[in-house]
Amino acid sequence: MTFQFPNLIISMEVINWQNVKSIETSCVEKTFSKAIEIWLLKPHVVNRRLSGAVVLYRTRTNDGLTLGKLIQKFSTTSCELSDSFSAQYIETLTKDNAGLSCDENGLKNSIPKYSENEQEHEERNSSCDGPESSPHLTDENSRFELCVRKLVPRSTGHRNGSAEETVNEIIVIDHEECSATFIPLQNASEASSDSRNLMQTAYRFTFSLKTSRINLTISEDYKEPKSPSLAVACPTIAWLQDCLLPKIAKWASEVSPDAPVRNSQALVSMERYSALYGELKKKYGAKFVEIWPENTDPLKFVYEDVAIATYLISLWEQERAEMGLESPQSFVDLGCGNGLLVHILNSEGYPGKGIDLRRRKIWDLYGPETNLEECSITPSDSFLFPDYDWLIGNHSDELTPWIPVMAARSSYTTRYFVLPCCFHDFDMKFMRTDQTKTQYRAYLDFVEEVGRVCGFQVQEDILRIPSTKRICQIGSHRTYTPEWSEAIHQEITDYIASRHSCNSENNTENAVNAASTLTCQIPNTHSSCGDQTHVLESNTKSSVPSAQWAPHFHPREKMEPVRNCAKVDYDLRQMIVNKVACSILTDAGVDFADSVRGKKEKKLWRKGGSLTFAEIAKLFDSDTLKQLKSECGGLKTLLKNSHQVFQVSSCSVEIRDWSEGAPTQRAHAKKPMRKNARKTDTFKTRLCWFHAQHPDGCPLLASQCQFAHGKDELRKLMLSVK
């Protein structure tokens, strides 16, 4: 098999290919292309040695000769890769090739612009749940596509002290033949010591619609890495066929052909983020996981805050370079929670403070250099921060939509960063009106709309954190000049009032219309100011119509009430559990399960069927349901907390079958046990519901059941003492 296109033979010689492996898959050409796009833009999701990839150059053409000359020039360049793919170099490169053309079938705009303007950002956000990372491509109907990407290693160095280098790679995609060829480029030192052509190490994926198979082939002289550290530049054949090929096939079978491929952390330097994250993780990660005094999972919260701190520092370093600033940016973290993000930023030299309505135990471990304040925040004139550069809302709950407002009213130069989580409007829960969007996407659009009404160019990015809510929004540039500040503040006031009015009438469509009408009243001066809008300075605090911006806003209580089944009357709780269980056993169908009670004894044990929550709700009157809602969050919460009796899914409830094994152990197998926890602490400390209430008794023997079969088996709860 030869690697050639019409009018094109790469590197002036034919490359022979050898088949490695093929996988049958249920995909089409479009989904195959999407799978290749995922591997092109997000290689770190498969190759854990990588932090990500940066697209340096990308274009499309129908001219095979032009494509061949570009590939040959790229592959034989021996200068430093970081310089060879600069815009100036590529421009000179393309001019030197006589075969290049700028007609409709040639390389139009062969040096794409990667700076994002406001219109492109709005179009992008209207079509997907997050930022789309694919750079703009010219002539999307062209057959051939050429891309050069930089692979960024995850780690900053090896155990032996030698540093891993970034690696550049050429990708050639033939959309007509459904093939994608990946050609790792060697660095200058390797190139000078090897007389063979750099392109002899290549691998390719092809898809055949007739056979419904994705094939992996490699060049005949494919050079495997001599050490694991070199696998970033040139993957092993075993890894290609056992790891990458199955992933490509899986993506091609599952991805939607119209879904955009989204990348993460597109607004910061991938190389800088990777290096800095390694430093901060080593400095703060294990230390705070070990001493974490809170009841929350330290593995999640510690490394999440380390990642957010890394992102912010990377973002602020870029901002200082762009604006010519020397001093580190100052910040206020509103609703800082455990305060770890503030501690890391303060320790890394960024002046600022965190404010939260409730002090945490871990605050005492940070030391006096970490500036944390215990205070309830109410959106008003009393909470403006004109002396700080950035406002941060990291899972700031009911304060999230207010942070762009507070930034806009603090000063003209105040910027903001928010990571929306819980769905709050200005003075009530957020209500979605567009059913074509998810609740999360609708809320992100609302928070972005608030930022735009406040006069910010809002950018979205996806963080790499252990959370399902990981899309952040950044407002660092204004769409107006300082003289329009008072008019913008009046727009904000009117918009907040319109949201309250429309929410009261359960008609938020009017608020959306009001926002668009208000925004049109102020001319967009950003285009005339260019990139200089963000360097204009005005530290004058604005005058707002009232001291408290939303009279109906109620900050959460310092001590939040516990909303579980603990305060529900015991008799009422038992009545509900017994009634639901009886209904499942009698009205929801009969399901018999074999329960082994001993080596010789075996009997049928009734499990019953299942009921939906709507069917269960009909078993009780409205007063009972209201009482449950006010005390413990509702009927579903009570049933979930009665996990000894019920197995609760997202839409139905059934009787738990303990003969299948202890579900609590399976459910929490991934959660680390507390240091002072012992499995025997709760053994036989509660009565077995099945032994007392189930018509067939408990499916387990008394010696096997962790609950007491009768009061004489009950033990006192033994609390472990450290």
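Which residues in helix 8 meet which residues in helix 9? In this predicted model, R272, Y273, L276, Y277, L280, K281, Y284, G285, A286, F288 and V289 of helix 8 meet P298, L299, V302, Y303, V306, A307, A309, T310, Y311, I313, S314 and E317 of helix 9.

**Helix 8 and helix 9**

- The axes of helix 8 and helix 9, the latter spanning residues 298–323, come within 9 Å of each other and cross at roughly 145°, and the crossing is right-handed.
- Sorted by class, the residues in the contact of helix 8 with helix 9 comprise 17 nonpolar, 3 polar and 3 charged ones.

- An open sheet is built from 7 strands in the order 3-9-8-7-6-5-4, and its pairing is antiparallel.
- Strand 3 (17–24) and strand 4 (50–61) are at the edges and have a single partner strand each, so one side of each remains without a neighbour in the sheet.
- From one strand to the next, the twist of this sheet averages 20°.
- Strand 3 runs antiparallel to strand 9 (residues 213–219) and is joined to it by 7 bridges; within this pairing, N19 stands opposite T217 of strand 9.
- Helix 8, which covers residues 270–291, packs on this sheet by touching strand 4 and strand 5 (144–153), and the direction of helix 8 makes about 25° with that of strand 5.

- Strand 19 and strand 21 (residues 652–655) run antiparallel and are joined by 3 bridges, with E654 in strand 21 as the bridge partner of S610.

**Cysteines**

- A search of the whole structure for disulfides finds 0 of them.
- C375 has a relative accessibility of 28% and therefore counts as partly exposed, a class that lies between the cut-offs of 20% and 50%.
- C454 has a relative accessible area of 1% and is therefore buried, since buried means under 20%.

Conventions: Residues numbered from 1 in each chain as written. Predicted model: local features only at pLDDT ≥ 70, side-chain atom pairs only at ≥ 80, totals over all residues. Heavy atoms only, no water. Pairing = 2+ DSSP bridges. Helix = DSSP H or I, 4+ residues; strand = E, 2+ residues; numbered from the N terminus. Axes fitted to C-alpha atoms, helices over the stretch in contact; angles between N-to-C directions. Contact = heavy atoms within 4.5 Å. Left-handed = near helix turned anticlockwise from the far one by under 90°. Nonpolar A, V, L, I, M, F, W, Y, C, P; charged D, E, K, R; others polar. Disulfide = S-S within 2.5 Å. Buried < 20%, exposed > 50% of the residue type's maximum accessible area, 1.4 Å probe, protein only.
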